[in-house]
Amino acid sequence: MVRKLVMGGLAALTLGAGALVPSAASAADEGLALWYKLDETSGTVASDSSGNGRNGTLNGDASWGDGLRLGGTNGYVKVPDNLMRGMTSITVALDVWIDPTQATPYFVYGFGNSSGSNGNGYLFTTGNTFRTSIASGNWSTEQNANAGVNLPRGGWQHIAYTLGGGVGVLYQNGDEVARNTAVTLTPGSIGGGTTTANYIGRSLYSGDKYLKGRVKDFRVYSRALGAAEIAQLAGPVNAEIVKQDAAALDLGDTGAVRSDLTLPAKGASGSTITWASSDPSVVSTTGAVTRPPAGAADAHVTLTATLTKGTATEAKTFDVTVEAIYTDKRAVETDAGKLVVHNIDDVRGNLTLPTKGENGTTITWRSSKPDTLSETGEVNRPQPGANAVKVNLKATISRGGHQAVRIFKPEVPALPVKEPYKGYLFAYFTGEGYSNGEQIYNALSKGNDPLHWQELNGGRRSSPPTSARRVCATRSSSARRGDRFYLIATDLKIYGNGDWDRAQRSGSRSIMVAESTDLVHWTNQRLVQVSPPEAGNTWAPEAYYDKTLGAYVVFWASKLYGNPQHTGDTYNKMVYATTRDFYTFSEPKIWKDPGYSVIDSTVIEHNGTYYRFTKDERNNSSSSPCSKYIIEEKSTSLTSTNWDFLKECIGSGALSRGEGPTIFKSNTEDKWYLFIDEYGGRGYVPFESTDLEKGDWTVPADYQLPSRPRHGTVLGVTQAEYDRLLAALG
């Protein structure tokens, strides 16, 4: 098969799906100033196929293999000097694969000059945020075409920038993603035509990172290619994107469908997906499901997804079985078989007793001892020293004239003896700047002193064995008798890439949960989805027990987008949901939205009033002088959305900036401690106060926290718990 690519009226041939192969003369005529195919297998020369003799030289950890490989340490290609001399227009086009662990900031390529540690006139492209800039001096002179989002990682992308007639256009996989119609510089004006810092994979700023990834088919033209020409160059990458998206496309279990399907309109890598159905009356092209009537046979439908990107296309089919509407008998039998009550074998707190089955059944409960375990799940444990109470808990599942019964036989143990707290347990992570930093670490106070600590497990990760951030440990109730512990954390890893936009646009909607009854042995972590589909992230979860609800209020920060693709821009709001068991959560609700970004709330209750501390996320300015510090509020209702303001700027003067606050009360006196994370600096710094209402917080004169503690919680522990932790992990 022979393809023809027409540029400016002249024709050049490509063979099969390979790259453009013009003659040297036609390439020069069409403005192809440099062309590195980057298909070599050995040596240190990147050969110029444009016919202009501008060979490049490999340096550092640059090597060959599926294109040019760059290790991110010191690898780059040195492009000959003065590449852009005389150019009034330019196109730079290439295929790039960015490693998921790419550190920032970085350049994909940069042509220009450096002065000292700074760039001094240049043209460059970066993936964070995806933009191309032309500058006459340093960063302050940059004229940008900015896509506003990060370039995806872990997959091939075709990127191109064209500049001509004062118009700069940025392309991603053949699609225009940014345009600047007021560019006043030309490539040839940079350095008066003299450019000696021309690199692929290296920045012109010495403090930036090297590119970690791969590059293919690197082209520079002395003219601005048109959109159709850019789309043609993007063809091979688009074919790979379609192939990858088709392989990744999954509708889950389609063997027993009873509700509408979600049919994606976009692939993970950006392809467009359209759908066809063999029987739209059963499953429509939008995923709407119409089940056959009760008593009829199940329906079988074939869904066909057609994935398209540019001129590339691929189809994928799914066999779908739509179950007929259940008869009353089948619905009852199915829901009875699936009925689960979490923690039924170890009842130490209130239970979630479902009242509806997924097939429209009603579930009612009867308890043989409602004073111990009520029919709505409230638990009253026997007093310390008493015998455990055995209960028969009967569930009746019904629909229409059919019923089924399930019997559960929980045993409710006595409360533990109430003991005073004799120390503190500190759970935290140590930061995304370290390969092992996003794990859970523990420290014990030295005696009953919350300002001096000893690290457990030799300063290594402690419990549970998980990768996590923003750690919250809590007892199973607000009373000192709780003997079940929950540890919740952010499902996020940012080490090595710094891709905060991706983390907030397509991050996890779940929190990590682990449980323990002794603070030493923990269950395996589980992920529980708590955020709605419009959420791009679920950050810094924390839980606080609300006695009036008989449940925990779990709160976190999320960016809530107005569309399922999470496009556009928004800001973090505080969101909450309630739970009894950390398996089943209520529908999330917005908890705090002041009209600007807020994250990292922590709460404590004192004499019937809740005190909330939250990070103000605004950028520093004269109109928001307290941004990047902590706000304090109060309310008599934990789930209220209207808290009374008490104080702002907490931490200002003592910290360069602060986030991740955690609040706890002294075990021995009416004093409270507020640890604030000076991120990018010292980590946690302790503050103390004897009056929550005043909001006056001071740094104590003497303290010694663990090494690099960040984003955690402090929990009071009894002497037995303290000794057990020290024996197991000390």
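Tutor: Pro105 is found in the loop between strand 10 (90–98) and strand 11 (109–115); strands here are DSSP runs (E, at least two residues), numbered from the N terminus. This is a predicted model, in which local features need pLDDT of at least 70 and side-chain atom pairs count only at pLDDT 80 or more, while totals for chains, interfaces and linings use all residues. Residues are numbered from 1 along each chain as its sequence is written, and side-chain values use heavy atoms, with hydrogens and water left out.

The peptide bond leading from Thr104 into Pro105 is cis, its omega being near -5°. Elsewhere, Leu38 has a positive phi, near 60°, although it is not glycine. Leu38 sits in the loop between strand 4 (32–36) and strand 5 (45–46) and is buried at 2% relative accessible area; buried means under 20%, exposed over 50% and partly exposed in between (1.4 Å probe, protein chains only). His711, in strand 46 (residues 710–718), also has a positive phi, near 45°, and at 6% it counts as buried.

As for the cysteines, one disulfide is counted, the criterion being a pair of cysteine sulfur atoms within 2.5 Å. It joins Cys626 to Cys649, with an S to S distance of 1.7 Å. The torsion about this S-S bond is about -85°, so the disulfide is left-handed. Cys626 lies in the loop between strand 40 (609–616) and strand 41 (630–635) and Cys649 in strand 42 (residues 644–650), so the bond ties together parts 23 residues apart in sequence. Cys626 is buried at 8%, whereas Cys649 is partly exposed at 23%. Cys472 is buried at 2%.

Note on methods
Helices (H or I, at least four residues) and strands (E, at least two) are DSSP runs, numbered from the N terminus.
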